[in-house]
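Please keep the sequence and the model open side by side while reading.

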Amino acid sequence: MASKHAARALHRRKPAPGRHKALKLPELLRSLLDEPGRAGIDRIANVFGMSKTQLATTKRAASEKTQTRVREMLEVIVRVVPWAGGEPQAMAWYRAQPIAAFGDRTAEALVKEGKAAVVRDYLDFLSQGNFA
């Protein structure tokens, strides 16, 4: 996990020339959800450079459980984007970074277990300047 100073430096950093400016968090989240608040699997896969199968199998994409998990995933990722350096890096952190406070499980594993609230609380804790 990056130190508080490194996270602040990433947050203050200006985008490199030629690099698209990342959407602000609420705009990013809104762009990935449709009017009734359902996650647009195709849009999410495209933004984060993933296949739809990596997010959810097409048959299950409309199920309420899958939609809930995808929305929870997005809630976590949009919180991480500012200090991760962009959407792909936030997705990489979400999927691969072990979190010591949770027995080295990833945010993805915790969300899949229905523990998205714990991850959000953890990120809130870090955003207040605390250390993991």
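Arg120 touches Glu72, Glu75, Val76 and Arg79, leaving out residues up to four places away in sequence; contact here means heavy atoms within 4.5 Å. Arg120 is found in helix α8, residues 116-127, where helices (H or I, at least four residues) are DSSP runs numbered from the N terminus. Arg120 is buried, with a relative accessible area of 19%. Buried means under 20% relative accessible area, exposed over 50%, and partly exposed in between, with a 1.4 Å probe and protein chains only.

This is a predicted model, in which local features need pLDDT of at least 70, side-chain atom pairs count only at pLDDT 80 or more, and totals for chains, interfaces and linings use all residues. Residues are numbered from 1 along each chain as its sequence is written, and side-chain values use heavy atoms, with hydrogens and water left out. The mean pLDDT of the protein chain is 77, and 73% of its residues reach 70 or more; pLDDT is the predictor's confidence in each residue, from 0 to 100. Over residues 1-23 pLDDT stays under 50, and the model has 21 contacts beyond four places in sequence for them. Where pLDDT is low, the predicted coordinates should not be read in detail.

Next comes the nonpolar interior. A nonpolar core is a set of buried Ala, Val, Leu, Ile, Met, Phe, Trp, Tyr and Cys residues joined through side-chain atoms within 4.5 Å. The largest one has 30 residues, and among these Val76 and Tyr94 touch the most other members. Helices α2 (25-32), α3 (41-47), α5 (64-84), α6, α7 and α8 each supply at least two residues of this core. The most comes from α5, which gives nine residues. Leaving aside neighbours within four places in sequence, Tyr94 contacts Met73, Val76, Ile77, Thr106, Ala107, Glu108 and Val111. One of these, Thr106, lies in the loop between α6 (87-96) and α7 (107-112) and is buried, at 14% relative accessible area.

How far apart are the end C-alpha atoms of α5? They are 29 Å apart, which agrees with the 30 Å that its 21 residues should span at 1.5 Å a residue; the expected span is 1.5 Å times one less than the number of residues. Even so, α5 bends by about 25° at Val78, and Pro82 follows within four residues. The bend is the angle between axes fitted to the seven residues ending at a residue and the seven starting there. After α5 comes Gly85, whose phi is positive, near 105°.

The charged pairs remain. A search of the whole structure finds eight salt bridges, each a side-chain nitrogen of Lys or Arg within 4 Å of a carboxyl oxygen of Asp or Glu. Arg69 pairs with Glu72, with the closest N and O atoms 3.1 Å apart. Arg69 and Glu72 are three residues apart in helix α5, so about one helical turn separates them. Arg69 is partly exposed at 25%, whereas Glu72 is buried at 15% relative accessibility.

A second salt bridge joins the side chains of Glu75 and Arg120 (2.8 Å, N to O). Because Glu75 lies in helix α5 and Arg120 in helix α8, this pair ties together parts that are 45 residues apart in sequence. Arg105 and Glu113 also meet in a salt bridge (2.7 Å, N to O), and a network of salt bridges links Arg95, Glu108 and Lys112.
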